[in-house]
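Trainee: I would like to learn how to read a model like this one. Where do we begin?

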Amino acid sequence: MSQPDTATEDPPPLHVASRLHAFNRYELKYLVPVEQAAELRDELGERMDRDLNSPVGGYGVWSLYYDSPELRFYWEKIEGLKFRRKLRIRHYGEPVGVTDDSPVCVEIKQRVNRVTQKRRITLPYATARRLCDGRELVEHTPKERAFVHEVLDLVVRLNLRPTAMTGYQREALVGRAADTGLRVTFDRRIRGRDRDFHFGQADPENRFTVPPHMSVMEIKVNERTPHWITDLAARRNLSLIRVSKYVQSIEAFGLAPRSAFHLHEADCPPPATSPLDTRLPAQESPVKAGAQ
């Protein structure tokens, strides 16, 4: 790259929080009906606390995924490579009203054997787009240098471009006492689009990529899963699934053939009565088989 390194010479004062964040976790995923998810959330609430950032009803999570023209990151997941990465820009909250100054996270999520690692930096939306879309070396501190250069290397070397956007409503619980490293999330109304990738767009057309009466429950731990969580999953007859919201979107929009990881609507028959919050707003419509 010909751009100069814009890292500042001196580190930020100690009282200034770093924008860079990294953590490692093990993740277990389960597909559960929305109504059962509510029961599980209440039972878990007896031993866990609601995440302070998770209001009643949850919060929106929207992610713009980048991939190569050949869908390199998608195929790394399908082929089960022991080391694989994904690059995304993530916004917490509803995307309507996002401006150039709104904070977003540029994140590299990678898998090393069974461990999920996430590294991310919080930037203004316009700066994140300059880095990932404009392929510019943006201003950063010395601590952020390695990560910013890694992102820039990926987007340039692999010719990454916006490929799919996903969104869902998330409720989160966190462990207490001996379970402080435990986090359980419930994601519902999982939807997305394969175009119109600007977060602040007024009326984008989103489509469900997971049947709306189903939710994804994720158990995330730093080391080992508490035995009482394992017992709960067994008692509720929960089955582990290997699902990726990004892979589901790629296949739901016909960008790649449907794989063994794909959740088919026929395998998730809706209940006789669906909860009200599974209905899409007027500008959203269900995914059709083979939709382009």
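Mentor: With a term. Helices (H or I, at least four residues) and strands (E, at least two) are DSSP runs, numbered from the N terminus. This is a predicted model: local features need pLDDT of at least 70, side-chain atom pairs count only at pLDDT 80 or more, and totals for chains, interfaces and linings use all residues. Residues are numbered from 1 along each chain as its sequence is written, and side-chain values use heavy atoms, with hydrogens and water left out.

Trainee: Which element gives the largest share of the lining of the second largest pocket?

Mentor: First, the idea. On a 1 Å grid over the protein atoms alone, a pocket is an open set of points where a 1.4 Å probe fits, with protein on both sides within 12 Å along at least five of seven lines; lining residues have an atom within 4 Å of a point. Now the case. Strand 1 gives the largest share, 3 residues. Strand 4, strand 6 and strand 7 also supply at least two residues each. The lining has 14 residues, and D51, Y59, Y92, R120 and R183 lie nearest the centre of this pocket.

Trainee: What is the volume of the second largest pocket?

Mentor: A volume is the space filled by probe spheres set on the points, and grid points are joined across faces, edges and corners. Here that gives about 320 Å³. The largest pocket has about 780 Å³. Of its 36 lining residues, E27, K29, K77, R111 and T116 are the closest to the centre. Strand 4 gives the largest share of that lining, 5 residues.

Trainee: How do the residues lining the largest pocket divide by class?

Mentor: Asp, Glu, Lys and Arg count as charged; Ala, Val, Leu, Ile, Met, Phe, Trp, Tyr, Cys and Pro as nonpolar; the others, Gly among them, as polar. The largest pocket is lined by 20 charged, 10 nonpolar and 6 polar residues. For the second largest pocket, the classes are 8 charged, 4 nonpolar and 2 polar.

Trainee: Which residues of helix 1 are buried?

Mentor: Buried means under 20% relative accessible area, exposed over 50%, partly exposed in between (1.4 Å probe, protein chains only). In helix 1 (residues 34-44), V34, Q36, A37, L40, E43 and L44 are buried. Their directions, taken from the helix axis to the C-beta atoms, fall within an arc of 165 degrees, so these residues line one face of the helix. Their cover includes strand 1 (20-33), strand 8 (183-193) and helix 5 (227-235).

Trainee: Which residues of the largest nonpolar core touch the most other members?

Mentor: A nonpolar core is a set of buried Ala, Val, Leu, Ile, Met, Phe, Trp, Tyr and Cys residues joined through side-chain atoms within 4.5 Å. The largest has 29 residues; L87, I89, V106, L131, V151, L160 and F199 touch the most other members. Helix 4 gives the largest share of this core, 6 residues. A second, separate core has 18 residues, including L40, L182, F186 and I229.

Trainee: What does V106 touch?

Mentor: Contact means heavy atoms within 4.5 Å. Not counting residues up to four places away in sequence, V106 touches L87, I89, L131, F147 and V151, among others.

Trainee: Where does N159 lie?

Mentor: In the loop between helix 4 (145-157) and strand 7. Phi of N159 is also positive, near 55 degrees. N159 is partly exposed, at 28% relative accessibility.
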